[in-house]
Amino acid sequence: MAYIELKNLNKAFGEKVVVNDLNLSLERGKILCLLGPSGCGKTTTLRMIGGFLEADSGSICLDGEEISALPPEGRPVATVFQSYALFPNMTVIENVMYGLKFKGINRAKAREIALSKLEVTGLADYAGARVNEISGGQQQRVALARALAVEPKVLLLDEPLSNLDAKLRIRMRDELKELQKQLDMTMIFVTHDQEEAMVLADSIAIMHDGYLIQTGPPREVYDHPATQFAMEFLGSANRLTLSSGEVIYLRPEKLRILGAYSDGAMRTAETEKKAGTHLICADVVRGEYLGFYTLYFARTDQGEEIVLRSVDGNSVPEGTKLILAFEDADVLMRGAQ
């Protein structure tokens, strides 16, 4: 049963429609990612859930209650903004306590709650520090602790990791996922980072030009995209024209490198291939070693440029003609142009 449900949600700014008849639902204790390029409507959707923007039409239901007409402070949600929105003149614990005073909680109790959330986020030792005395990653955790302090039913996160460097971003997303599991927290977060969405989310909602394109678990939307936009936004895809003239799309990792081309090797591959397996040839143009895998950029005999991904550690020299194989089951899309 849906814990939070958006029904026929619409929002326009003047003549510009930014969210168009959006329908979404999420179970309790799950993480939903709103994923899409800039301007697709994902942040507008998050702000309507939080009450910072009023929907033109539609409804937002949370735990069986219609909350669309409630002000932000009256909704059982909390938001972690991209900028964190911390008060630099306050200490860490004062920032975490800030929202509790609007709940009518006395200072002693608010301090107790704030300390418990700082414990959860690993910041108890920094309770007395000023915000400008701690790192960006620690500031992000202060913002999380402040949001958790008001005991929201749903935690909203707007690009929460975008201000961190690459290494810290990876660490913080792991911590966020662990915290979500520990607290059994329902979360909706916005990102344009496909990898972040794949790692964190139980369900991904892909948006484009105000429309919801596809929803589903990360593996489902990656392996079975509903549209060409969804396919290309979630990762690279090779376009291939088969000898029959049919156009197909494949993920780079689904094109297997069988070895260097020779007449004998090709005859053997043709003889040994199973039903549903297809063979093509391509010349390696260049390779990019990326640590635990190598990307090869190649050109097929039909002149189409493709990308291959190899994890075997062997280097393939530029100019090598390769025999490649793929299965019918690995085709993402057929007939798209």
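1. Start with the lining of the second largest cavity: by class, three residues are nonpolar, one is polar and two are charged. (Ala, Val, Leu, Ile, Met, Phe, Trp, Tyr, Cys and Pro count as nonpolar, Asp, Glu, Lys and Arg as charged, and the others, Gly among them, as polar.) Those lining residues are Leu46, Arg47, Phe52, Thr79, Phe81 and Asp158, around a volume of about 40 Å³. A cavity here is a set of points, on a 1 Å grid over the protein atoms alone, where a 1.4 Å probe fits but cannot get out, and lining residues have an atom within 4 Å of a point.

2. Keep in mind that this is a predicted model, where local features need pLDDT of at least 70, side-chain atom pairs count only at pLDDT 80 or more, and totals for chains, interfaces and linings use all residues. Residues are numbered from 1 along each chain as its sequence is written, and side-chain values use heavy atoms, with hydrogens and water left out.

3. Now the largest cavity, with about 60 Å³ of space. Its lining has eight nonpolar, two polar and no charged residues, including Ile4, Leu24 and Ile188.

4. What about disulfides, meaning pairs of cysteine sulfur atoms within 2.5 Å? The count is zero. Take Cys40: the closest cysteine sulfur, in Cys33, is 9.8 Å from its own, so that is too far for a bond. Cys40 is also buried, at 1% relative accessibility (buried means under 20% relative accessible area, with a 1.4 Å probe and protein chains only). Cys281 is buried as well, at 8%.

Technical notes:
Disulfide = S-S within 2.5 Å. Buried < 20%, exposed > 50% of the residue type's maximum accessible area, 1.4 Å probe, protein only. 1 Å grid on protein atoms, 1.4 Å probe; cavity = no way out; pocket = protein on both sides within 12 Å on 5 of 7 lines; lining within 4 Å. Points joined across faces, edges and corners; volume = space filled by probe spheres on them.
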